[in-house]
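Thanks for coming, everyone. I'd like to walk you through one model today, helix by helix and then loop by loop. Please have the viewer open.

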Amino acid sequence: MKLHVVAAILLAVAASSSSPPAAGAVTYEVNNEAASTAGGQRFDREYGAGYAKQVLAAASSFTWSIFSQPSAADRRPVDAVVLAVRDVDGIASTSGNTITLGAGYVAGVTGNDFKTQHPLFEKNKISSIPRSEAFFYFALRLLCHVDALHSFSLSSGDLPSWDILLLVPTVARAHDATKAATLQVTGVLYHEVVHVWQWGLQDYGAHSWVYEGIADFVRLRAGYPAAGWVQPGQGNSWEDSYSVTARFFDYCDSVKPGFVADLNAKLKDGYNVDYFVQITGKTVQQLWQDYKAKYGN
Ligand SMILES: [Zn+2]
């Protein structure tokens with residue numbers, strides 16, 4: 001017994017001395033400064049500071065993996081990520097290492113935002129459905145958590161067809177992650193966490209679409225697209241920001257795996273349109289044309 005204890009202590013000492021020092025030990029802090037508002041109360045009730053801290057940590061790790069930054073030395077020198085829920089307009093914003101989440105946004109987000117974001121729901125809008133499908137849908141409702149489907153307020157106008165089978169894991173996930181609406185908040189937090197970690201924000205004012213596109217690209221890869229996002233191939237210009245740029249970067253990353261990691265690394269020195277050529281061998285205009293051609297628009 002004693003030997004085991006000594007061995008365990010020795011192992012622990014060895015592990016602590018060989019592991020990297022405190023660098024990389026990021027702390028996560030959540031302050032609800034709007035606890036008296038409807039949104040602040042909903043945040044406490046349905047999301048919670050503890051869960052928010054987990055999301056901040058998971059989003060940070062995910063961002064580092066997308067950015068190919070396994071060691072703290074590769075990352076922006078940030079030792080704390082702070083989330084403040086505040087009674088301000090808008091969805092969210094980030095300044096330095098502090099993310100502000102709008103309490104009014106939290107108050108207004110609904111499970112139906114999740115429904116409208118999913119292409120299958122758009123695709124399958126039909127005014128009347130065959131009886132067999134209605135039965136199938138009914139059976140599925142019994143099979144899944146009834147609450148999970150209820151929370152999306154499916155009505156006879158948008159009952160999906162057999163494709164709903166593909167939605168089951170997503171719906172189940174939505175149900176598991178506390179409530180469907182919380183997925184929206186989680187998606188927002190992923191986007192904002194990227195702003196904490198991405199390089200090059202000194203050029204944000206002049207080239208905001210690059211930075212917003214990267215933030216939404218990470219959110220997309222994490223599986224939390226927002227309500228109202230464009231579909232792949234949509235948009236008039238890669239500089240449209242947000243989901244248009246994110247979908248385009250998703251294409252660039254498929255053409256040249258690691259594209260976003262490379263782009264982020266280069267942005268440390270500020271933005272330069274030549275980065276696209278340096279990373280992919282093609283100009284951004286050529287890439288955009290190829291992307292639009294791929295989706296036929
Ligand atoms: Zn943003």
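This is a predicted model: local features need pLDDT of at least 70, side-chain atom pairs count only at pLDDT 80 or more; totals for chains, interfaces and linings use all residues.

Let's begin with helix 2, residues 38-47, where Gly39, Gly40, Arg42, Phe43 and Tyr47 are buried. By buried I mean that 20 or more other C-beta atoms lie within 10 Å of the residue's own; 12 or fewer is exposed, in between is partly exposed, and the C-beta atoms are placed from the backbone. Looking down the axis of helix 2, the buried residues fall within an arc of 160 degrees, so they line one face of the helix. That arc is taken over the directions from the helix axis to the C-beta atoms.

Residues are numbered from 1 along each chain as its sequence is written.

Overall, the chain has 15 helices and 4 strands. These are DSSP runs numbered from the N terminus, H or I of at least four residues for helices and E of at least two for strands. Of the 297 residues, 34% count as buried.

Now, at what angle do helix 11 and helix 12 pack? Helix 11, residues 208-221, and helix 12, residues 242-255, pack at about 70 degrees, with their axes 7 Å apart. That makes the two helices roughly perpendicular, a label for angles of 65 to 115 degrees. The axes are lines fitted to C-alpha atoms over the stretch in contact, and angles run from 0 to 180 degrees between N-to-C directions.

Who meets whom there? From helix 11, the residues include Trp209, Ile214, Phe217 and Leu220, and among their partners in helix 12 are Tyr242, Ala246 and Phe249. Contact here means C-beta atoms, placed from the backbone, within 7 Å.

Two residues in this pair deserve a click. Val210, in helix 11, counts as buried, with 24 C-beta neighbours inside 10 Å. Its C-alpha is 9.5 Å from that of Leu267, 57 residues away in sequence. Tyr242, in helix 12, is buried too, with 21 other C-beta atoms within 10 Å. Its phi is near 45 degrees, a positive value in a residue other than glycine.

On to helix 15, residues 284-294, where Leu287, Trp288 and Tyr291 are buried. Their arc, seen down the axis of helix 15, is within 100 degrees, so these residues line one face of the helix. Gln285, Gln289 and Ala293 are exposed on the other side. And what do the buried residues of helix 15 pack against? They pack against helix 12 and helix 14, residues 275-280. Just after helix 15, Gly296 takes a positive phi of about 70 degrees.

Finally, the loops. Ser68 sits between helix 3, residues 49-66, and strand 2. Ser68 is another non-glycine residue with a positive phi, near 55 degrees, and it is partly exposed, with 13 other C-beta atoms within 10 Å.

Asp89 is in the loop between strand 2, residues 80-86, and strand 3, residues 92-95. Is Asp89 buried or exposed? With 8 C-beta neighbours inside 10 Å, Asp89 counts as exposed. Leaving aside residues up to four places away in sequence, Asp89 touches Gly102 and Gly104.

That's my tour; happy to take questions.

Methods:
Angles under 35 degrees count as roughly parallel, over 145 as roughly antiparallel, 65 to 115 as roughly perpendicular and the rest as oblique. Two residues are in contact if their C-beta atoms, placed from the backbone, lie within 7 Å.
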